[in-house]
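Please read it with the sequence and the coordinates open alongside.

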Amino acid sequence: MRAVILISGRGSNMEALLRAGLPVDFAAVISNRPDAGGLTIARDLGVDTAVVDHTRHTDRTAFDAALAEQIDRHGADLVCLAGFMRVLTDDFVQRYQGRMLNIHPALLPAFPGLNTHTRALAAGVKLHGCTVHFVTPEVDAGPIVVQAAVPVFDDDTPERLAARVLAQEHRIYPLAVRWFAEGRLRWTADDRIGLDAATHPDTALISPMG
Ligand code: GRF
C-alpha cells in the first residue's frame with residue numbers, strides 16, 4: 001500500500017507515522033509551506049518531499065488541483081493529513097473519500113476547529129484527547145476511527161495539555177494507518193467505522209480520581 005502525508009509545519013505526527021514500521025510505502029511528504037520543519041525530517045528519513053505552495057495559486061480550486069496532481073503522481077492509496085492547515089474543497093475531499101485520514105487534537109465531536117486546548121480548558125472538561133477520522137467535506141466531522149483520552153489537570157496550561165495530547169496522537173495515528181493498511185476498517189451502513197477483530201477491555205478512564 002502506498003501513502004502520502006500532507007503537512008504544514010513541524011511534522012511530529014508525520015515522523016511518528018514514518019518511524020512506526022508500518023506495512024506502508026510512504027511515497028512522499030507534501031507540504032503547502034516551503035519552510036515546514038517536517039520537510040527536513042522527511043528528507044533525513046529518506047522520504048521524497050514536494051511543496052505545493054498555496055500562496056502561488058489564485059484560489060482553492062487551483063491549489064487543490066495542483067495538490068491532487070502531486071498525490072496521484074505518487075500513486076497514493078491513502079492520504080494522511082498530519083497538521084495540514086488548509087481547508088479543502090468538496091471536490092478534492094470527494095476524490096479521496098474513504099482513503100483520506102486526519103488527526104485532530106480533541107475528542108470529536110467536541111472542539112472541532114482551531115485552538116482546541118485553550119477551548120477545552122475554558123470549558124472545564126476533565127477529559128480531553130485526540131481523534132483520527134476519515135475526512136469528509138464538513139471540517140472535522142468525518143467518521144471516527146480511533147480516539148485517545150487524557151486527564152485535564154486544574155493547573156494545566158494549553159501548552160502542557162497540548163503536549164499530553166500530542167503524545168497520544170503519536171500512538172493512535174500509526175494505529176489507524178496500520179488498521180487501514182491491513183484492511184481491518186469497515187464502514188457501516190450508518191457511516192461509522194468498525195474495526196475487525198477489535199478487543200474491548202472493560203475499563204473506564206475517570207478523571208479526576210477521588
Ligand atoms: C497536531 O496537534 C495535529 O493534531 C493538529 O496539528 C498539530 C500538528 O502537529 N492537526 P505536527 O505538525 O504533527 O507536529
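Between domain 1 and domain 2 the count of salt bridges is zero. The model is a predicted one, and its chain is divided into domain 1, residues 1-96, and domain 2, residues 103-210. The C-alpha centres of domain 1 and domain 2 lie 21 Å apart.

**The contact between the domains**

- Domain 1 puts 22 residues into the contact, and domain 2 puts in 15 residues.
- Together, domain 1 and domain 2 bury about 1,600 Å² between them, with 73% of that area on carbon and sulfur atoms.
- Of the area that domain 1 buries against domain 2, 28% is supplied by Asn13, Leu81 and Val93, which is more than any other three residues supply.
- Although no salt bridge is counted between domain 1 and domain 2, three residue pairs, with both residues at pLDDT 80 or more, are in polar contact between them.

**The side of domain 1 that touches domain 2**

- The elements that give two or more residues to this side of domain 1 are helix H1 (12-18), strand E4 (78-81) and helix H4 (90-95).
- Helix H1 gives the most to the side of domain 1 that touches domain 2, its share being four residues.
- By residue class, the side of domain 1 that touches domain 2 divides into 15 nonpolar, four polar and three charged residues.

**The surroundings of the ligand**

- The residues around the ligand are Arg10, Gly11, Ser12, Asn13, Gly83, Ile103, Pro105 and Glu169.
- A polar backbone atom of Ile103 is 3.4 Å from a nitrogen atom of the ligand.

**Salt bridges in the whole structure**

- A search of the whole structure finds ten salt bridges.
- In one of them, Asp25 pairs with Arg2, and the closest N and O atoms of the two are 3.0 Å apart.
- Asp25 lies in strand E2 (residues 25-31) and Arg2 in strand E1 (residues 2-7), so this pair ties together parts that are 23 residues apart in sequence.

Technical notes:
Residues are numbered from 1 along each chain as its sequence is written. This is a predicted model: local features need pLDDT of at least 70, side-chain atom pairs count only at pLDDT 80 or more; totals for chains, interfaces and linings use all residues. Side-chain values use heavy atoms; hydrogens and water are left out. Domain bounds come from an automatic or database domain assignment. Contact means heavy atoms within 4.5 Å. Buried area is the accessible area (1.4 Å probe) that two parts lose on being put together, summed over both. A salt bridge is a side-chain nitrogen of Lys or Arg within 4 Å of a carboxyl oxygen of Asp or Glu. A polar contact is a pair of N or O atoms within 3.5 Å; within protein, one must be able to donate a hydrogen and the other to accept it, and residues adjacent in sequence count only if both atoms are side-chain atoms. Ala, Val, Leu, Ile, Met, Phe, Trp, Tyr, Cys and Pro count as nonpolar, Asp, Glu, Lys and Arg as charged, and the others, Gly among them, as polar. A residue is near a molecule or strand if one of its heavy atoms lies within 4 Å of it.
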